Amino acid sequence: MNDSKITKKQLLMELREAHSRLKALTDQQPQLSPDRPVANELFVNLFNQMPTGAVIYTAVDDAQDFIITDLNQAAEDTDNVERQHVVGRKMSELFPELQAWSLVEALQQVWKSNTPKQYAPPPSREEHPFGRRDTSIFKLASGELVALYNNTHQEQLEQELLQKTTELETIVNAIPDIICLKDGDGRWLLANDYDLDLFQLEGVDYKGKTDAELAPYSKFYHDAFLACMDTDNVAWAQGEPSRAVEVIPRPDGSQKIFDVVKIPLFNPDGSRHALAVAGRDITELRRIQEKNQENENRFRLLFHNAPMPYQSLDANGNILDVNEKWLQTLGYSKKEVIGRSFNDFMAPDPAKPFNTHFNQLKQQGVLHNIEFKILKKDGSTLFAALDGEIFTNGEGQIVRTLCMFRDITRQKELDRMLRHSHTILEEQVLKRTKELREKAGEQQKTLQTLEQKSMDLHDANIALNVLLDQGRKAKQELEMKILENIKELVFPYLDELDMELIDKPDRAYVTIIRQRLKEITSSFSKELTSKLVGLTPRELQVAELVKQGRSNKDIAKLLHISLGTADVYRNNIRKKLDLQNKKINLRSYLLTHY
């Protein structure tokens with residue numbers, strides 16, 4: 001009868017057999033007292049030791065009601081009731097809504113038919129404690145009814161425990177962290193898939209083994225398992241959760257960094273119960289932290305060496321840091337400003353309170369070109385245009401602000417001067433406009449007179465322009481003739497004379513004559529220069545001979561130069577007149593343009 005999984009049919013048979021034995025014992029011992037203590041003791045022991053819940057009912061009022069005669073220990077445990085509270089009492093007294101219970105209907109059917117019945121409560125109806133599960137009902141010879149039901153409480157607990165264990169293992173295996181549980185002697189009780197994969201224990205029956213026993217399963221982590229025993233002992237010795245950062249090498253040569261927490265659990269008597277180990281992979285977090293630190297160092301370097309005044313405030317507007325340019329601009333030392341409210345350095349200005357703009361910065365996250373008047377250490381003030389933004393942490397809380405300001409004192413002074421000048425100018429414009437309006441009438445009359453004279457002058461100007469144009473053309477022709485004559489009739493012979501007088505004192509007269517001719521023709525030499533730009537006197541002489549149709553041989557003979565030199569002069573002239581590589585006859589060009 002100790003098998004908790006015994007069937008109801010077997011229990012029913014055993015109970016009936018016990019009842020038969022009880023009856024036989026009673027018949028065989030007539031000499032005993034009417035109470036039959038031996039039989040009763042046997043029945044009571046059997047009844048109370050049954051693992052199946054049993055309730056005995058006696059019908060009253062022609063089975064319209066039932067009295068609970070007895071119930072065993074299993075029924076008390078299963079339904080959490082005490083027999084003294086229910087034995088001897090009518091069901092209608094215990095459960096006023098008697099007719100609502102389908103169990104009563106089943107009891108009535110068995111009482112009337114004397115036929116055992118398997119009873120299962122309808123899922124849609126509420127039942128009293130003794131009718132909430134499958135029940136076997138049969139009638140004794142005494143007329144009493146017995147209801148038997150399995151003590152399923154333990155089974156339910158075991159099923160719930162199994163389900164919870166499965167759920168726990170699923171959750172633990174889904175966690176991307178090291179999860180391991182060891183007993184007080186260091187034997188592994190539980191480890192998630194991440195832990196087993198990390199330490200190369202896939203497929204290993206790890207439960208019940210210590211780190212030393214698991215070390216041979218992984219050559220790469222053999223020493224790591226042994227070292228883990230030392231850190232476990234440290235955690236046990238501390239008697240409280242311990243935390244440490246552990247670097248775990250990987251077979252591929254890389255490393256993983258874990259934040260490991262070990263929690264020792266003790267029994268009530270102080271002995272070791274279990275050690276919970278959890279480790280989070282913080283490799284990427286460390287990389288990000290190192291990168292952030294690198295960025296922070298760069299930021300500080302730029303911050304302190306920036307050519308503009310920079311400051312950093314906390315969420316309350318107190319100064320966290322300022323750079324060297326800030327200190328130089330305002331004349332303070334660093335210890336005089338750190339920790340103080342930036343409002344302490346603001347000149348009183350009711351129209352532009354600092355707190356209003358600072359709250360606006362915290363709400364919007366960024367502000368541009370906010371103007372303040374700031375107090376310098378020497379008591380003077382400067383106008384500043386401030387730009388700022390806020391920096392927050394992952395929770396959205398303000399860590400600091402970063403603000404930069406520009407000294408716009410000179411700009412403000414120039415703006416004031418400009419406004420003053422503008423006012424004066426407007427006054428002068430108004431005054432001048434009035435004067436002009438007064439003179440407008442007079443000028444209108446003068447304008448009419450001038451228009452008439454202008455018409456007369458226009459006619460005269462037309463005639464005069466005709467005369468001037470004719471005179472200008474005559475003048476140009478005269479100047480051209482003079483220039484051509486000097487060029488053709490004078491300069492060549494001066495050049496010849498200059499060559500004849502080389503190394504003789506009289507050569508100076510040639511230079512004087514040439515200079516005087518240039519002075520005489522200076523008023524109209526522009527025409528000569530514009531037409532023969534850049535030609536030397538000798539080149540001009542060669543150009544004139546070419547224009548006359550002279551060959552290089554004739555030119556060389558006339559100018560007493562070699563044939564090659566004459567050819568060089570001819571090429572230089574073509575080059576200066578931009579005729580190189582062009583199929584243009586030099587003589588034709590000179591005759592056409594000059």
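**Salt bridges and burial in a predicted model**

Modeller: Asp 65 lies in strand S2, which covers residues 65–71. The model under discussion is a predicted one.

Biologist: How do you know that buried Asp 65 has no salt bridge?

Modeller: A salt bridge requires a side-chain nitrogen of Lys or Arg within 4 Å of a carboxyl oxygen of Asp or Glu. The nearest side chain of opposite charge to Asp 65 is Lys 90, at 4.9 Å.

Biologist: Which side chain makes a polar contact with that of Asp 65?

Modeller: The partner is Ser 92, and the contact is 2.3 Å.

Biologist: How many salt bridges does a search of the whole structure find?

Modeller: The search finds 20 salt bridges. One of them joins the side chains of Asp 177 and Arg 280, with N to O at 2.7 Å. Asp 177 is in the loop between helix H7 (153–174) and strand S6 (178–183), whereas Arg 280 is in strand S10 (residues 272–281); the pair links distant parts of the chain, 103 residues apart.

Biologist: Why is Asp 177 called buried?

Modeller: Its relative accessible area is 9%. Buried means under 20%, so Asp 177 qualifies.

Biologist: What makes the pair of Arg 187 and Asp 183 a salt bridge?

Modeller: The closest N and O atoms are 2.9 Å apart. This falls within the 4 Å limit, and the pair therefore counts. Asp 183 is buried at 12% relative accessibility, while Arg 187 is partly exposed at 33%.

Biologist: Why is it said that Lys 576 and Glu 539 tie together parts that are 37 residues apart in sequence?

Modeller: Their side chains meet in a salt bridge of 2.9 Å, N to O. Lys 576 lies in helix H19 (residues 563–576) and Glu 539 in helix H17 (residues 537–547), so the bridge ties those parts together. Glu 539 is buried, at 4% relative accessible area, and Lys 576 is partly exposed, at 39%.

Biologist: Which residues are linked in a network of salt bridges?

Modeller: The network links Lys 182, Asp 211, Asp 232 and Lys 262.

Biologist: Why is Leu 467 counted as exposed?

Modeller: Its relative accessibility is 56%, and exposed means over 50%, so the label applies. Leu 467 is found in helix H14 (residues 409–500). Together with Leu 464 and Leu 468, Leu 467 makes a nonpolar surface patch of about 290 Å².

Methods
Residues are numbered from 1 along each chain as its sequence is written. This is a predicted model: local features need pLDDT of at least 70, side-chain atom pairs count only at pLDDT 80 or more; totals for chains, interfaces and linings use all residues. Side-chain values use heavy atoms; hydrogens and water are left out. Patches are made of residues with over 30% relative accessible area and no salt bridge: like charges are joined within 9 Å, nonpolar side chains (Val, Leu, Ile, Met, Phe, Trp, Tyr) within 5 Å. Accessible areas come from the Shrake-Rupley method with a 1.4 Å probe; for residues, only the protein chains shown count as cover. Helices (H or I, at least four residues) and strands (E, at least two) are DSSP runs, numbered from the N terminus. Buried means under 20% relative accessible area, exposed over 50%, partly exposed in between (1.4 Å probe, protein chains only). Lys and Arg count as positive and Asp and Glu as negative; His and the chain ends are not counted. A polar contact is a pair of N or O atoms within 3.5 Å; within protein, one must be able to donate a hydrogen and the other to accept it, and residues adjacent in sequence count only if both atoms are side-chain atoms.
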